[in-house]
Amino acid sequence: MQFSKALYSECGIREKNEDAITLLHRDTCLLAVAADGLGGHGMGEIASGRAIQVMEQCFASQPLDEEALAEAIFRANREIFAMHTGGANMKTTIAVLAIQADSAIALHVGDTRIYQFRSGRICFQSRDHSLAQLAVTVGQIPAEDLRAHPDQNKLTRSLGGPERPRIDIRLLEVQPGDSFLLCTDGFWGPVTETQMCDALHNAASAQDWLNRMRPQVQACSRDNHSAIALIAK
């Protein structure tokens, strides 16, 4: 299956960009990865960058099956934790989408999101590992209030800790016309799911889709913001 592909990563109003992204393709395999270093923990850009490097190494040397991808995330966690020095407790989120032929594996830790769209609607959305998402899950707040919740950026899972992280893994069917979006919270925070769908409906390509959403992000986001867009042909 062929894909229209686009990606970008911007610093926003921050002094440095702690997001990291990659998009790799070989034969019938495609790997998209987005990571968001946690600025409050110090050296977030090193943590996110290392997570991306480990996933790129996995793509180069391993079959892209569920076990190999999960083990690569565990390895990234170990290596980031091993780099903790001088009081820096570096951590990062990660979102991974591996597509082969007509199937995909979505894996994530943290609040960097993976969306799948079909026929103009969201058919899969990863669930954030955050206190705000917990409040939604237990019914304390409605889902539409998550973005404005004071604990929206307080994560319950991330990479860079001493324990093996719990990874959410989802197997997905891929059909022609399906679209995927991986994005850090600096991107999805200002752009609602309705706006994502509206932009996709009018987009002629993956790049056009991102271009239609970026002005809203750039006008409203106070964070680094990054996204990878894919549209299956």
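Me: In this predicted model, what makes β6 and β7 a hairpin, and which residue in the turn has a positive phi?

Reply: Strands β6 and β7 form a hairpin with two residues between them. In the turn, Ser 119 has a positive phi of about 55 degrees. The two strands pair in the antiparallel sense over four bridges. Pairing requires at least two bridges between strands, so β6 and β7 qualify as a pair with their four bridges. Within this pairing, Gln 116 stands opposite Phe 124 in β7.

Me: How do you know that β6 and β9 pair, and in what sense?

Reply: Strand β6 (residues 113–118) and strand β9 (residues 179–183) share five bridges in the antiparallel sense. Facing residues include Tyr 115, opposite Leu 181 in β9, and Arg 113, opposite Cys 183 in β9.

Me: Why is β6 called largely enclosed by the rest of the structure?

Reply: Five of the six residues of β6 are buried, so the strand is largely enclosed by the rest of the structure. Buried here means under 20% relative accessible area.

Me: What makes β1 and β7 edge strands of the sheet?

Reply: The open sheet has five strands in the order β1-β10-β9-β6-β7, with antiparallel pairing. β1 (3–10) and β7 (121–125) each have a single partner strand, so one side of each is left without a neighbour in the sheet. From one strand to the next, the twist averages 15 degrees.

Me: Which helices lie across the sheet strands, and at what angles do they run?

Reply: Helix α5 (residues 193–201) lies across β6, β7, β9 and β10 (225–232), at about 50 degrees to β6. Helix α6 (residues 206–220) lies across β1, β6, β9 and β10, at about 25 degrees to β1.

Me: How is the packing of α1 and α2 described, by what angle and what distance between axes?

Reply: Helix α1 (residues 44–61) and helix α2 (residues 66–82) pack at an angle of about 145 degrees, their axes being 9 Å apart. The crossing of α1 past α2 is right-handed. Residues making the contact include Ala 47, Arg 50 and Val 54 of α1, and Leu 69, Ile 73 and Glu 79 of α2.

Me: How many residues of the contact of α1 with α2 are nonpolar, polar and charged?

Reply: The contact residues divide into 11 nonpolar, one polar and three charged. Arg and Glu count as charged, so Arg 50 of α1 and Glu 79 of α2 are among the charged residues of this contact.

Notes: Residues are numbered from 1 along each chain as its sequence is written. This is a predicted model: local features need pLDDT of at least 70, side-chain atom pairs count only at pLDDT 80 or more; totals for chains, interfaces and linings use all residues. Side-chain values use heavy atoms; hydrogens and water are left out. Axes are lines fitted to C-alpha atoms, for helices over the stretch in contact, and angles run from 0 to 180 degrees between N-to-C directions. Contact means heavy atoms within 4.5 Å. A crossing is left-handed if the near helix is turned anticlockwise from the far one by less than a right angle, and right-handed if clockwise. Buried means under 20% relative accessible area, exposed over 50%, partly exposed in between (1.4 Å probe, protein chains only).
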